[in-house]
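Let's take a friendly walk through this model together. Please have a look at the sequence and the coordinates before reading on.

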Amino acid sequence: MEKTSENILEIKNLHIEYHSDGEIVRAVNGIDLNIRKGESLGLVGETGAGKSTTALAILNMLPKYTAEISQGEILLKGENVLKMKEKDLRKVRGSKASIIFQDPMTSLNPVYKVGYQIEEVLRQHSTKKMSNEEYRDEVGRILEMVGIPGSRQDEYPHQFSGGMKQRVMIAIAIACRPELLIADEPTTALDVTIQAQVLDMMRELKKEINSSVLLITHDLGVVASFCDSVAIMYAGEIVEYGTLEDIFDPEHKHHPYTDGLFGSIPNLIVKTDRLNPINGLMPDPTDLPKGCKFHPRCPVSTEACRNGDIPVAVDGTHKIKCILMKNMRKRNE
Amino acid sequence: MLKYVIKRILMIIPTMFIVTFIVFWLINITPADPGRIILGAEASQDLVDQVNHDLGYDLPLVQRYFKWVGDALHGDLGNSYYTKRPVYDEMMARFPYTVKLTFLSLGMAILIGLPLGVLCAVKQYSIADNILSTLSMFLAAMPAFWLGLLLLLQFSLRLGWFPSSGITLGWRSWVLPTFSLAVGYTASYLRYTRSAMLDTIRQDYVRTVRSKGCPESTVIWKHAFRNSMMTLVTITGMSLAGLLGGAFVIESVFSIPGLGLMGVTAIKRKDLPQIMASLVMLGTFFLVMMVVIDILYAFIDPRIKSKYETPKKKVSEKNKDVEGSI
């Protein structure tokens, strides 16, 4: 990990709401995130925790009429993307920050050749004039970077397998060497062997173009093998945040939700007959509980969890949003 | 691809046989016969039978059908029972007017309905969308002949801007017929385009294009619209059938000497050769357009095109190279 203090991405107190049929869905409720240059941050959480919403917000691509960013700012290299004009945003998307979507099967346009779909992002952002031939060569070179022969750029998406399509998506995302790569569950739709290949390849590419990565996933194994730091998200809040060691070390104190997540992974060393999943379901985002959002499912919740603000306990790089973390230093808020 | 096209064109032949036979049969089961209609209700049955015999109408259905098919294959569609003139000549003189009316209306439906439909989809729930969607519902529900009569009343009788009938005044003769035929289709086109675009605009690949930083015009027209084309081409094909049928009615309202007017008159008079001729012409025209649309599919969607193409060896070899890496 490259230790520089330069923050590529800073998210400050971000609140996002969706409005539908008179209901307000509180998808993201005041999250703070920092990604330094060259750092990989894993954003982990269940379905519906607000991970993808956060990812789309970074490129200011949330649906215009239904989503509202009610508070907070997102600074990409110091510039607030939420205040940018559409024209300036277009210069950011695909060039300074790009995104790999979850489902490669539907994320490529079926009627255009894959080469054209890569070329499109190059043409959009290239600073120098290039001939069609040069574009072809460049597209071929990018395809080879993701392990696809350059000659296949004249084929259509339906001629590619799922894993190959995701490689093409990655090729589109890295084509302009972005400083921030957002990967929204890039391997969820792929089968396990392909997952490993795609992750290995992403790791190589990350080194090669030296970009920061925001990896969104619900797979702790993927996080352990890819990320430098981890944020655990629950019901639109970050409940635990720290370096990979902070989160994965069983000696450390953890948020009960994080404990629950690890409890639902089979352990090779300790023999158990049953896994310990977290009981209950994510709270309804139109009607979030007061106090700690996790208290209805928390095995160790107390009366104090039901009311008031939950303080964030800090221990070095490790932050936990839980009342019970008494022996950690409290951050003054 | 070529093989597929030829196959589609050859399919027209059996279809035409089936269509013509059904019409022959339908006319046969209606009461009254040409002899009776020519001579009137007062004529004696002997005389009517004589006329029918002269026309060849007394032969059994199947025999009559194959005689007609044999003649038609020799390019002879017979003479009209009434005018005694070759049907073919009259049909060829009239056909262009019907085609003109149909394509003018289709053109109007596409040129107006399509952009407005895209606009409604892109600005969903805006005031413009609400107004256009509601308005198009009313217009689509309006029968063409009724609208035609209203337009005649206002613009030809009261204001005198356009002629009420015939085609002798150049483009002005075509304004009212085209308009009355096209309004309903423009409205449906708008609605179909709107829903097709609303569907594609929400697709993941459209989001991908946005994430590349492409301008909104590229997102809408190059990516979303191109994928809506499949639906729109299908709708165009279906509209063509409706427009041809509508042209029959509108030609009667505005007295345009097209195939429709000829067909309607012929049906009233049971003028079999003329009915069959207009039917064969319209049927062929329609079926050819359907083949054109099927071929268009392949150009719009590479997945369909690849289905018609025999797989090349080259592709499978290329795949082999990559197997190691994926």
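Predicted model: local features only at pLDDT ≥ 70, side-chain atom pairs only at ≥ 80, totals over all residues.

## Contacts and domains

Two residues are in contact if their C-beta atoms, placed from the backbone, lie within 7 Å. The domain assignment gives domain 1 as 1–96 + 182–268 and domain 2 as 103–177 of chain A. Between the C-alpha centres of these two domains of chain A there are 25 Å.

How many residues of domain 1 of chain A are in contact with domain 2 of chain A? On the domain 1 side there are 12, and they are in contact with 16 residues of domain 2 of chain A. The side of domain 1 of chain A that touches domain 2 of chain A holds nine nonpolar and three polar residues, with no charged residues.

## Confidence

Chain A has an average pLDDT of 86, and 96% of its residues score at least 70. Among its elements, strand E3 (residues 40–44) of chain A has the highest mean pLDDT, 93, while strand E13 (residues 329–330) of chain A has the lowest, 49.

## Overall build

Chain A contains 10 helices and 13 strands. The radius of gyration of chain A is 21 Å, close to the 20 Å that the globule rule gives for 333 residues, so chain A is as compact as a globular protein of that length. Taken along the principal axes, the C-alpha atoms of chain A fill a box of roughly 70 × 50 × 45 Å.

Of the 333 residues of chain A, 46% count as buried. If you take the contacts in chain A between residues at least 6 apart in sequence, 64% join residues at least 24 apart.

## An open antiparallel sheet

One open sheet of chain A has four strands in the order E2-E1-E4-E5, with antiparallel pairing. At its edges are strand E2 (23–36) and strand E5 (79–80) of chain A, each of which pairs on one side only.

Strand E1 (residues 7–20) and strand E4 (residues 67–76) of chain A pair in the antiparallel sense over eight bridges.

## Two loop residues with positive phi

Glu185(A) sits in the loop between strand E7 (180–184) and helix H7 (192–209) of chain A. Its phi is near 45°, a positive value in a residue other than glycine. Is Glu185(A) buried or exposed? Glu185(A) counts as buried because it has 21 C-beta neighbours inside 10 Å, and the cut-off for buried is 20 or more.

Ala235(A) is found in the loop between strand E9 (229–234) and strand E10 (237–243) of chain A. Ala235(A) is not a glycine, yet has a positive phi of about 50°. With 24 other C-beta atoms within 10 Å, Ala235(A) is buried.

## Where chain A meets chain B

Chain A has 34 residues in contact with 24 residues of chain B. The elements giving two or more residues to this side of chain A are helix H2 (86–92), strand E6 (97–100), helix H3 (104–107), helix H4 (114–125) and helix H6 (162–174) of chain A. H4(A) provides the largest share, four residues.

By class, the side of chain A that touches chain B has 14 nonpolar, 14 polar and six charged residues.

How values were computed:
Residues numbered from 1 in each chain as written. Chains lettered and ligands numbered in written order. pLDDT = per-residue confidence, 0-100. Rg over C-alpha atoms; globule rule 2.2 N^0.38 Å. Buried ≥ 20, exposed ≤ 12 C-beta atoms within 10 Å, placed from the backbone. Nonpolar A, V, L, I, M, F, W, Y, C, P; charged D, E, K, R; others polar. Domains from an automatic or database assignment. Pairing = 2+ DSSP bridges.
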